[in-house]
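Subject: Structure for your review

Hello,

The structure I promised is below. My notes on what was found in it follow.

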Amino acid sequence: MLITGATLADGRVRDVRIGDDGRIAAVSEGLGADAGERVLEARGRHLLPGAVDVHVHFREPGGSHKETWTSGSESAAAGGVTTVVDQPNTSPPTVDGAAFSSKAALAADSLVDYGINGGVTPDWDPESLFERPLFALGEVFLADSTGDMGIDADLFADALDEASARDVPVTVHAEDATLFDESALDGDLGGVGTAATVDAWSAYRTADAEVAAVERALAAAADRDARVHVAHTSTPEAVDAVADAAEGGTAATCEVTPHHLYLSRERARSLGTFGRMNPPLRSEERREALFARLAKGAVDVVATDHAPHTVGEKRAGLVDAPSGVPGVETLYPLLLESARKGELSLERVRDVVAANPAEIFGLDRKGGVAEGRDADLVLVDTADPREIEAAALHSAPAWTPFEGLRGVFPEMTLVRGEVVYERDPATGAASFGEPVGRNVRES
Ligand SMILES: [Zn+2]
């Protein structure tokens, strides 16, 4: 296939040829079409690298009533996400080789490429896990007594050692449950669903609890010369702590979610329990400070923590509703809308959703529109925002915390040169994804 006249993130207008091997064969001006080659005229539109969402929960095995690899990956493709990295808190959790293999069998349904993270619990088996194409340890819950995969500092140190020995990063969920404010959950929490006072959840899981745990995770990583990736930093203080550690020589990177960038306690009152997630939404002041850090380049990665639950599950009371929101399909659209409005550069968007996550997680063929890379590509009219409506999204639970905001959605998404999503008309592609762990091994 030859894509002609596309504008890249840096503003250059180029033709892009995709080889039969699914990789980008050339990025140049004036490439002529070969006989029989499919030509896609892209003048006036942008061609961006597919996003690498390094933090999703696609729920299989064990939670297929919330999401499946099929529905989750369709949602990813429609949002321009061409690689997802699934976290291990499924049922059973991905903490040994057998659990890894059974998840990999389900993930074969995926429309987009995928990585599977290994998890850490007192029962984990690093030997059998690392026999699999495992390229990172994933959402390791440090000192999170409210999560069923929460671990203590000793086990966290073991996880860092095992990962460091194989030169793979550890993604950590850092919240110190001993610093939560239990009193915030006393009293009248406003009933269920959208009537509930989700603000109490934010008051309960304090910003201090995040910052303290992030600092501990960074210190432990520095002690062991390990690579640590801090998931969903929701406070500017935590982003700064990671940046300081990195400046001091620790191999530390940080990730921020779209919900912490676009929603806040003040903005999300009407969401009720649909706005409950961990870490929780912060004040509008903190949200603005977080966004400012993204704009100036202090945030390494934007990833979604796509954590779907059914509408029925989210309608429970504040204490009983599960934490998490869907987001894989609205990641690129929200950031591209910010770029359209001049709040971020397109190059910054490209870096935080594609180039940086691919580099941090060693996915050498992902994350760039360049010769030799996989042709994981997104074609988009960056001047064409649309209202975000749950009814138009593909994730199984069919709701979004971003309802009514605007997003710039892809017209077409390709994975290794194959069209996996076309807004008009839909392709009806079945499964196409491959494990990216294999790419890591081969390269
Ligand atoms: Zn998560």
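Leaving out residues up to four places away in sequence, T413 touches A77, G80, T82, L377, V378, E418, V419, V420 and Y421, where contact means heavy atoms within 4.5 Å. This is a predicted model, in which local features need pLDDT of at least 70 and side-chain atom pairs count only at pLDDT 80 or more, while totals for chains, interfaces and linings use all residues. Residues are numbered from 1 along each chain as its sequence is written, and side-chain values use heavy atoms, with hydrogens and water left out.

T413 lies in strand 18; helices (H or I, at least four residues) and strands (E, at least two) are DSSP runs numbered from the N terminus. T413 counts as buried because its relative accessibility is 0%. Buried means under 20% relative accessible area, exposed over 50%, and partly exposed in between, with a 1.4 Å probe and protein chains only. Between T413 and I24 there are 389 residues in sequence and 15 Å in space, C-alpha to C-alpha.

Salt bridges

The whole structure has 33 salt bridges, a salt bridge being a side-chain nitrogen of Lys or Arg within 4 Å of a carboxyl oxygen of Asp or Glu. D113, K366, D374, D376, R416 and E434 are linked in a network of them.

R416 is in the loop between strand 18 (412-415) and strand 19 (418-422), and E434 is in the loop between strand 19 and helix 13 (436-442), 18 residues apart. R416 is buried, with a relative accessible area of 14%, whereas E434 is partly exposed, with 29%.

A further salt bridge joins R216 to D176, with the closest N and O atoms 3.2 Å apart. R216 belongs to helix 6 (residues 207-224), and D176 to the loop between strand 11 (170-174) and helix 5 (199-204); this pair, 40 residues apart, links distant parts of the chain. R216 is partly exposed at 37% relative accessibility, and D176 is buried at 8%.

Helix packing

Helix 4 (residues 153-165) packs against helix 6 at an angle of about 45 degrees, with the axes 10 Å apart. Axes are lines fitted to C-alpha atoms, for helices over the stretch in contact, and angles run from 0 to 180 degrees between N-to-C directions. Helix 4 and helix 6 are therefore oblique to each other; angles under 35 degrees count as roughly parallel, over 145 as roughly antiparallel, 65 to 115 as roughly perpendicular and the rest as oblique.

On the helix 4 side the contact involves F156, A157, L160, D161 and S164, and on the helix 6 side A217, A220, A221 and R224.

The loop at G191

G191 is in the loop between strand 11 and helix 5 and is partly exposed, with a relative accessible area of 44%. Apart from neighbours within four places in sequence, G191 is in contact with A196, G317 and L318. G191 and R315 are 124 residues apart in sequence and 9.6 Å apart in space, C-alpha to C-alpha.

Regards
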